[in-house]
Amino acid sequence: MTHPTCKVWECSEPRYNNLSGYCKRHKEAVQHNGHPTFKLPVLNRRKERYDQELSVAYRGSKRWYKEAELTHYHKAFGQLLDQAQDLKPLSHYRRLGDLSIDKQLLYLLKLSIESKGREETQRQWLCVYRAAYHRRELFPNRKTFAVFVCRKSLLGRVPMPQHKTRKGKLLGYRLNANRALAMLDILEPIFELSFICANDMALWYRFYYQHLNYSNIGKQTMKRKQTQDPDFPSSLTRKRIIKSIEKKYTGGLKL
């Protein structure tokens with residue numbers, strides 16, 4: 001008797017159960033990333049999954065945030081941060097994942113305020129969302145979109161909460177796709193307030209295309225210099241290494 005197999009292309013493992021269309025490995029991947037094979041894009045140009053327009057949109061958003069009048073956004077998000085700051089500290093033996101999604105989000109925002117401050121928390125969430133929404137065709141579904149926005153705003157910037165088990169082990173909080181999607185459903189109406197004014201929307205696209213033009217000009221210049229001198233990229237690496245050594249050992253002074 002043949003058993004139904006995983007619906008992921010070229011995967012012949014049996015399904016985890018009758019209700020799931022995936023095997024055990026891909027079921028965990030779907031719940032964690034929102035898609036069995038999709039890998040989230042990155043903003044670092046040295047990485048393989050770098051996306052230029054996403055990175056440009058993020059950098060343009062940070063400049064736009066300084067000059068835009070985001071009164072409605074600051075008021076709505078500020079109320080959410082006030083609720084987060086009023087929360088009592090969570091016990092080390094209490095698992096954050098057992099709370100409701102809105103409480104999980106508030107505790108994560110509270111950790112973000114303690115780690116980065118209110119202003120930086122508001123800026124990071126909005127800039128990441130605006131950049132990801134502009135490049136939303138990169139994401140195969142809404143779960144992957146939510147995972148990118150939430151993780152880019154929290155992971156690596158905020159210490160994830162941990163709880164102690166009955167055996168004394170520490171287990172960290174896992175921001176999977178289902179939790180990220182529920183959090184984005186709460187935050188998205190607040191993020192949409194940033195484009196309630198037509199001037200703010202026009203200003204965002206102005207900074208985006210300005211940064212995109214600068215980026216394209218830089219790529220063309222690099223390509224032209226590399227055509228003239230094939231060793232040009234390695235010479236830049238050599239100069240960067242020499243500068244880092246001078247900064248470390250001589251304080252940036254050329255002896």
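Predicted model: local features only at pLDDT ≥ 70, side-chain atom pairs only at ≥ 80, totals over all residues.
User: Take Phe38 and Phe139. How is that pair arranged?
Analyst: Phe38 and Phe139 are edge-to-face. Their centres are 6.2 Å apart, with 70° between the planes.

User: Where do Phe38 and Phe139 lie?
Analyst: Both sit in loops. Phe38 is in the loop between α1 (24–33) and α2 (52–67). Phe139 is in the loop between α5 (118–134) and α6 (142–154).

User: Are Phe38 and Phe139 buried or exposed?
Analyst: Phe38 and Phe139 are both buried.

User: Which helix holds Tyr73 and Phe77?
Analyst: Helix α3 (residues 71–85). Tyr73 and Phe77 are 4 residues apart there, so about one helical turn separates them.

User: What is the relative accessible area of Tyr73? And of Phe77?
Analyst: Tyr73 has 0% and is buried. Phe77 is also buried, at 0%.

User: Which residues do ring pairs link into a cluster?
Analyst: The cluster includes Phe38, Phe139, Tyr73 and Phe77. Trp125, Tyr129, Tyr133, Phe145, Phe148 and Phe191 are in it too.

User: New topic: charges. Which ring does Arg130 sit over?
Analyst: Phe195. The charged end of Arg130 is 3.8 Å from that ring's centre.

User: And what about Arg136?
Analyst: Arg136 lies over the face of Tyr133, 4.2 Å from the ring centre. Tyr133 is one of the cluster residues.

Technical notes:
Residues numbered from 1 in each chain as written. Heavy atoms only, no water. Phe/Tyr/Trp six-rings, centres within 6.5 Å; stacked < 30°, edge-to-face > 60°. Helix = DSSP H or I, 4+ residues; strand = E, 2+ residues; numbered from the N terminus. Buried < 20%, exposed > 50% of the residue type's maximum accessible area, 1.4 Å probe, protein only. Lys NZ or Arg CZ within 6 Å of the ring centre and 35° of its normal.
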